[in-house]
Amino acid sequence: MFRKLKGLVQGKNESQVKHLEDMGFDRIHALNALEATGGNVGEAVNHLLTNHEALTKASVMTHDPLPNNLDLTVERETTGDRKVSAASLRAGQAAVQRATNAPNAFGSNKAVLSNKNSKAVKGTSHNLIQKQNVKKVHGDTLYETNTMKYSTGNVISGHHPGVKVPSKMTEKSKEEQILRCSQRLAPYPLAVDTLLQALISIRDNPLNEKYRRIDMASKGFVSVLRDKPGALDLLKAMNFVERSEKKDLVLTQARNDPALLYLGISALEQIRIGDEYKWNKVVIRFNREVKHILDGSNFSNQLLQDNEVLKRASFLSKVPSEPANGAGALIQINVGEDLSLSRRFDGDDTLQDVVHWIGAHGTMIIDKLLGGEWDLVDLNKYPVESIDVTHKMDKTLQVIGCWPSGKLEIRPARNEPAQKK
């Protein structure tokens with residue numbers, strides 16, 4: 001029923017492994033990286049980010065590994081690589097200070113508009129590109145109508161002179177581009193972590209060109225960065241240049257600006273202490289834990305796996321029979337990204353019957369619910385309500401509001417628990 005864990009390194013510090021898992025790396029990859037770097041977490045992160053070939057080979061040992069990251073090559077930095085001029089560093093610090101002193105200029109729902117107001121245009125004749133007669137057929141009648149084509153540059157200001165048109169992202173300062181792109185990445189912790197580590201490697205090894213090239217065709221880039229809003233724009237704001245013929249991004253030595261690196265690293269570090277980043281990080285860990293529970297990889301030996309099979313069978317034996325001929329209430333439950341349950345219950349079946357049904361798919365799910373680490377929420381309520389599993393076990397589905405149907409979800413509990421019903 002379960003797959004056996006392979007490739008475990010005995011005696012490895014579990015906190016180090018967990019730290020790498022929290023960054024989004026697979027456990028097997030994390031263990032291999034720690035083994036290769038002598039237990040140094042920092043070196044292990046670089047190894048995971050850059051050693052694409054090693055990760056590809058290691059992925060054979062695990063099941064459904066998390067995506068590899070940037071296809072770069074890790075080398076230890078030399079003393080000469082770490083030299084950064086004081087003037088460049090002060091420039092980067094000044095940019096961070098300006099952003100700190102003007103918090104209202106950036107952030108969600110506070111768009112920064114260009115100071116250049118669009119000029120009101122009298123009439124629209126200057127927007128006219130061409131005028132032509134177009135013959136149209138309506139029913140049996142043929143008639144001509146004049147159509148005009150306009151350029152898009154001043155249409156808005158011509159018809160709506162009071163509207164301020166924001167400038168394009170590429171027209172903004174490098175500082176603003178970096179800050180805005182970093183904020184757009186907040187919902188994507190793996191992208192933030194990957195970019196931060198890549199920029200730190202460039203900062204610490206400014207003369208090593210291998211750190212300044214990103215393969216856009218690599219699995220790591222495709223999975224972690226390619227479709228993430230702001231990721232590519234952030235790299236370009238850092239002076240990376242896209243080479244379409246080689247499908248890569250390159251930061252040449254001449255375009256490598258230590259001040260921009262300092263600002264980019266500081267901006268991403270600020271994102272990492274924000275609530276949005278932290279919550280999405282929790283969700284990633286939750287989905288990974290659900291996956292381990294379902295496939296049994298959280299059990300270290302065969303005896304524990306056999307015990308889990310018996311416990312699940314015990315839960316299943318307590319689940320009432322499903323009503324025939326489509327009768328009863330349809331209950332749907334989503335558990336992470338990998339499990340979606342659906343079956344019918346009678347109206348007088350209780351919440352405990354539903355919990356037993358969940359337990360038949362993984363007993364640790366029940367432990368998490370009863371321990372308060374995870375919540376069972378009612379998605380049919382607005383705002384979403386958390387069902388008090390501990391005190392509502394004996395209540396019928398009608399009483400808890402899951403009749404004639406219920407759509408539930410198991411998710412990580414927030415620091416401030418949702419309203420219980």
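This note goes through the overall build of a predicted model and then its salt bridges.

1. Basis of the model. The structure is a predicted model, in which local features need pLDDT of at least 70 and side-chain atom pairs count only at pLDDT 80 or more, while totals for chains, interfaces and linings use all residues. Residues are numbered from 1 along each chain as its sequence is written, and side-chain values use heavy atoms, with hydrogens and water left out.

2. Overall build. The protein chain holds 15 helices and ten strands, where helices (H or I, at least four residues) and strands (E, at least two) are DSSP runs numbered from the N terminus. Of its 421 residues, 40% count as buried, a term that means under 20% relative accessible area, with exposed over 50% and partly exposed in between (1.4 Å probe, protein chains only).

3. Contacts and surface. Among contacts in the protein chain with a separation of 6 or more, 67% come from residues 24 or more positions apart, a contact being heavy atoms within 4.5 Å. The accessible surface of the protein chain is about 23,300 Å², and carbon and sulfur atoms contribute 49% of that surface; accessible areas come from the Shrake-Rupley method with a 1.4 Å probe, and for residues only the protein chains shown count as cover.

4. Salt bridges in general. Side chains of opposite charge can pair when their charged atoms come close. A search of the whole structure gives 14 salt bridges, each defined as a side-chain nitrogen of Lys or Arg within 4 Å of a carboxyl oxygen of Asp or Glu.

5. D193 and K281. These two side chains form a salt bridge with an N to O distance of 2.4 Å. The pair links distant parts of the chain, since D193 lies in helix α8 (residues 189-204) and K281 in helix α12 (residues 275-295), 88 residues apart. D193 is buried at a relative accessible area of 3%, and K281 is also buried, at 7%.

6. D204 and R203. The salt bridge between D204 and R203 has its closest N and O atoms 3.0 Å apart. Here D204 counts as buried at 16% relative accessibility, whereas R203 is partly exposed, with a relative accessible area of 34%.

7. The network around E176. Salt bridges that share partners join K172, E176 and R180 into one network. Within it, the side chains of E176 and K172 meet at 3.7 Å, N to O. E176 is buried, with a relative accessible area of 13%, and K172 counts as buried at 13% relative accessibility.
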